[in-house]
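User: I am new to this structure and would like to learn how to read its features. Could you take me through them step by step?
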Amino acid sequence: MAVARLQAAGYRVLADAEFAWDGTEARYVTTGREIENLADRIREATSVDELTYELAELTATHDGIVASLGHVLHALADVYDRLSGPTDPRWGTQLRSSAVHELRLLAAQLQSVRTNLADRSALPDRRGPHAPPPAPPTPSSSTASGRTR
């Protein structure tokens, strides 16, 4: 079971066949590990299309990571509304402010990145994220008379 949990968390585990397991149960993968796996997929992307696909996990307005983090902050603020400590209302207000302002800014920036990448994939050359820029045109060669051909 330990091998399965390590594999589910994204580790490559060398184990005897009796301990190895090909399946991954979702319950063994933490949310943090899922986000790390997303970061790995972004790093390993070989095309702009792959990057924009992976960024959808971050930027989706209904169930993306940033939107979900906003739901978590609002839920935590709701908890502070029910508590009776002297600083609890301030914490609730700060958490809601972060969910509304900082996360909105982050979501807008990530959406701009995704849009920029999507625009690039629409270009004829469709360069990947690690592809070098195209070489500049070679200068025309001169003939002895000074004319170019």
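**Reading burial, salt bridges and pockets**

Analyst: E54 has a relative accessible area of 11% and is therefore buried. The model is predicted, and the values below are computed from it.

User: Where does E54 lie, and with which residues is E54 in contact, leaving aside its neighbours within four places in sequence?

Analyst: E54 lies in helix 3. With those neighbours set aside, its contacts are L38, R41 and I42.

User: How many salt bridges does the structure hold?

Analyst: A salt bridge here pairs a side-chain nitrogen of Lys or Arg with a carboxyl oxygen of Asp or Glu within 4 Å. The structure holds four of them.

User: Which residue forms a salt bridge with E54?

Analyst: The partner of E54 is R41, and the closest N and O atoms of the two are 3.0 Å apart.

User: Is R41 buried or partly exposed?

Analyst: Buried means under 20% relative accessible area, exposed means over 50%, and partly exposed is in between. R41 is at 36% relative accessibility, so R41 counts as partly exposed. E54, at 11%, counts as buried.

User: What separates R43 and D40 along helix 2?

Analyst: R43 and D40 are three residues apart in helix 2 (residues 31–44), so about one helical turn separates them. Their side chains meet in a salt bridge, at 3.0 Å from N to O. R43 counts as exposed because its relative accessibility is 57%. D40 has a relative accessible area of 30% and is therefore partly exposed.

User: Which residue forms a salt bridge with R96?

Analyst: R96 pairs with D78, and the closest N and O atoms are 2.6 Å apart. This pair links distant parts of the chain, with R96 in helix 5 (residues 88–121) and D78 in helix 4, 18 residues apart. R96 is partly exposed, since its relative accessibility is 24%. D78 is also partly exposed, with a relative accessible area of 38%.

User: Which residues are linked with R96 in a network of salt bridges?

Analyst: The network links R96 with D78 and D81.

User: Which residues make the nonpolar surface patch?

Analyst: To read such a patch, look for nonpolar side chains that lie within 5 Å of one another and have over 30% relative accessible area. In this structure L76, V79 and L83 make a nonpolar surface patch of about 220 Å². V79 lies in helix 4 (residues 65–82). At 31% relative accessibility, V79 falls in the partly exposed class.

User: What is the volume of the largest pocket, and which residues lie nearest its centre?

Analyst: The general idea is that rolling a probe the size of a water molecule over the atoms shows where empty space is left. In this model the largest pocket has a volume of about 300 Å³. Its lining has 17 residues, and T61, V66, A67, L103 and A107 lie nearest the centre.

User: Which elements give two or more residues to the lining of the largest pocket?

Analyst: Helix 3, helix 4 and helix 5 each give two or more residues to the lining. Helix 5 gives the most, with eight residues.

Note on methods. Residues numbered from 1 in each chain as written. Predicted model: local features only at pLDDT ≥ 70, side-chain atom pairs only at ≥ 80, totals over all residues. Heavy atoms only, no water. Patch = residues over 30% accessible without salt bridge, like charges linked within 9 Å, V, L, I, M, F, W, Y side chains within 5 Å. Areas by Shrake-Rupley, 256 points an atom, 1.4 Å probe, with all protein chains shown as cover. Helix = DSSP H or I, 4+ residues; strand = E, 2+ residues; numbered from the N terminus. Buried < 20%, exposed > 50% of the residue type's maximum accessible area, 1.4 Å probe, protein only. Contact = heavy atoms within 4.5 Å. 1 Å grid on protein atoms, 1.4 Å probe; cavity = no way out; pocket = protein on both sides within 12 Å on 5 of 7 lines; lining within 4 Å. Points joined across faces, edges and corners; volume = space filled by probe spheres on them.
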